[in-house]
Amino acid sequence: MNDMASGLVHYTVSDADVQLIPQIGLGRRGRRMPVAAGEEYPAVVTRCPTPEFPGDNTVCDLMVFLNGTTPYFVRTVPAGTGQPGTYNATAQKSTVG
């Protein structure tokens, strides 16, 4: 793994995440959780590279912490610079979670 794809990273929520989070529930709190596309949350890399992109250390699976404790699993996330649906090793915005 390279530095970009290890340990603590920052994930920027996408529109698809905003629609999916209430559907999967994340317990009862997930339905009431105010999450907006473009917000950045702390995350931990759980697998990198992924089976879908072998050998590519810029596409990872992440565990995103939406309120500091509630985990949200995201698959095959590309590295980016704050665009929705991407992660970065350093915060691009002020992190919400």
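# Exercises on a predicted five-strand model

The chain has two helices and five strands; helices (H or I, at least four residues) and strands (E, at least two) are DSSP runs, numbered from the N terminus. This is a predicted model, in which local features need pLDDT of at least 70 and side-chain atom pairs count only at pLDDT 80 or more, while totals for chains, interfaces and linings use all residues. Residues are numbered from 1 along each chain as its sequence is written, and side-chain values use heavy atoms, with hydrogens and water left out.

**Exercise 1.** Determine the order of the elements and the arrangement of the sheet.

*Solution.* Step 1: read from the N terminus, the elements run β-α-α-β-β-β-β. Step 2: the five strands form an open sheet in the order E4-E3-E2-E1-E5, with antiparallel pairing; two strands pair if DSSP finds at least two bridges between them. Step 3: E4 and strand E5 (87–88) are the edge strands, each pairing on one side only. Step 4: helix H1 (residues 15–24) packs on the sheet and touches E1 and E4, where contact means heavy atoms within 4.5 Å. The direction of H1 makes about 145 degrees with that of E4; axes are lines fitted to C-alpha atoms, for helices over the stretch in contact, and angles run from 0 to 180 degrees between N-to-C directions.

**Exercise 2.** Describe how E2 and E3 are joined.

*Solution.* Step 1: E2 and E3 run antiparallel and are joined by four bridges. Step 2: Arg47 has Asp61, in E3, as its bridge partner. Step 3: as a general rule, strands of a sheet pair through backbone hydrogen bonds, either parallel or antiparallel.

**Exercise 3.** Identify the residues with the most contacts inside the largest nonpolar core.

*Solution.* Step 1: a nonpolar core is a set of buried Ala, Val, Leu, Ile, Met, Phe, Trp, Tyr and Cys residues joined through side-chain atoms within 4.5 Å. Step 2: the largest one has 17 residues, and Tyr11, Leu62 and Val64 have the most contacts inside it. Step 3: strand E1 (8–12), E2, strand E3 (59–65) and strand E4 (71–78) each supply at least two residues of this core. Step 4: leaving aside residues up to four places away in sequence, Leu62 touches residues including Val9, Tyr11, Phe73 and Tyr87.

**Exercise 4.** Locate Val35 and decide whether it is buried or exposed.

*Solution.* Step 1: Val35 lies in the loop between helix H2 (29–32) and strand E2 (40–47). Step 2: Val35 is buried, because its relative accessible area is 12%; buried means under 20%, exposed over 50%, partly exposed in between (1.4 Å probe, protein chains only). Step 3: not counting residues up to four places away in sequence, Val35 touches Val13, Val18, Ile21 and Tyr41.
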